[in-house]
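Me: Please take me through the terms used for this model, and set each value against the cut-off that decides it.

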Amino acid sequence: MIKVLFVCHGNICRSPMAQYIFCQRAAARGMEVAAESAATSREEIGNPVYPPAQRKLRQMGVPFGDHRAVQMTKADYENYDLLLAMDSANVRNMKAIAGGDPQGKIRRLLEYGKQPRDIADPWYTGNFDATYEDLVEGCEGLLDELEGGRKIPAESV
């Protein structure tokens, strides 16, 4: 079973949404996965999923729990098979927290999408529809790779 940590800046929008979407979509495929989410910053520690993100998850029928924002730690690098960032700034911060990425575990989620790119932060854009679509694209792409038996993380990127 793969263990995935989804990471964004505050851990109240993109990363918890990705966690819940990934788990729901994996279960629908009959796949057993473990997923959590975390922040690179400390700004929102202890706060719940942002209300507009909750509304979007509810609207799309994605169950979610009583998530509270936490910060990524250096130990997370060893505890997870894959650490997926929502954007390039998150990747830089994650590598700083982890002390590098010697095993190639830190990537952007949309490296598994149709076109690798950052996922815009809906805290600033207000566009939770686009964020949801991007998260689904990345999660489905990752699940496709896992079902296809590809080794994740891949050899040195």
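Reply: Phe6 counts as buried because its relative accessibility is 0%, and buried means under 20% relative accessible area, with exposed over 50% and partly exposed in between (1.4 Å probe, protein chains only). This is a predicted model, in which local features need pLDDT of at least 70 and side-chain atom pairs count only at pLDDT 80 or more, while totals for chains, interfaces and linings use all residues. Residues are numbered from 1 along each chain as its sequence is written, and side-chain values use heavy atoms, with hydrogens and water left out.

Me: What makes Phe6 and Phe22 an aromatic pair, and which geometry does the pair have?

Reply: Rings of Phe, Tyr and Trp (its six-membered ring) pair if their centres lie within 6.5 Å, and planes under 30 degrees apart count as stacked, over 60 as edge-to-face and the rest as tilted. The rings of Phe6 and Phe22 are 5.4 Å apart centre to centre with 65° between the planes, and the pair is edge-to-face. Since Phe6 lies in strand β1 and Phe22 in helix α1, the pair ties together parts that are 16 residues apart in sequence. Helices (H or I, at least four residues) and strands (E, at least two) are DSSP runs, numbered from the N terminus. Phe22, with a relative accessible area of 0%, is buried.

Me: Why is the pair of Tyr50 and Trp123 called tilted?

Reply: The angle between their planes is 50°, and the centres are 4.7 Å apart, so the pair falls between the limits for stacked and edge-to-face. Tyr50 sits in the loop between β2 and α2 and Trp123 in helix α5 (residues 122–125), 73 residues apart. Both residues are partly exposed, Tyr50 at 25% relative accessible area and Trp123 at 40%. Together with Phe128 they form one aromatic cluster, and the count by this rule comes to four aromatic pairs.

Me: How do you know that Glu140 and Arg29 meet in a salt bridge?

Reply: A salt bridge is a side-chain nitrogen of Lys or Arg within 4 Å of a carboxyl oxygen of Asp or Glu, and for Glu140 and Arg29 the N to O distance is 2.3 Å. The pair links distant parts of the chain, with Glu140 in helix α6 and Arg29 in the loop between α1 and β2, 111 residues apart. Arg29, partly exposed at 24% relative accessibility, also meets Asp144 in a salt bridge of 2.8 Å, N to O. Asp144 lies in helix α6, 115 residues from Arg29, and is partly exposed at 46%. Salt bridges that share partners join Arg25, Arg29, Glu140, Asp144 and Glu147 into one network, and the model has 12 salt bridges by this rule.

Me: Which residues have the most contacts inside the largest nonpolar core?

Reply: A nonpolar core is a set of buried Ala, Val, Leu, Ile, Met, Phe, Trp, Tyr and Cys residues joined through side-chain atoms within 4.5 Å. The largest has 35 residues, and those with the most contacts inside it are Phe6, Ile21, Phe22, Leu84, Met86, Leu109 and Leu135. Its largest share, eight residues, comes from α6. A second, separate core of 12 residues includes Leu5, Tyr80, Leu83 and Met94.
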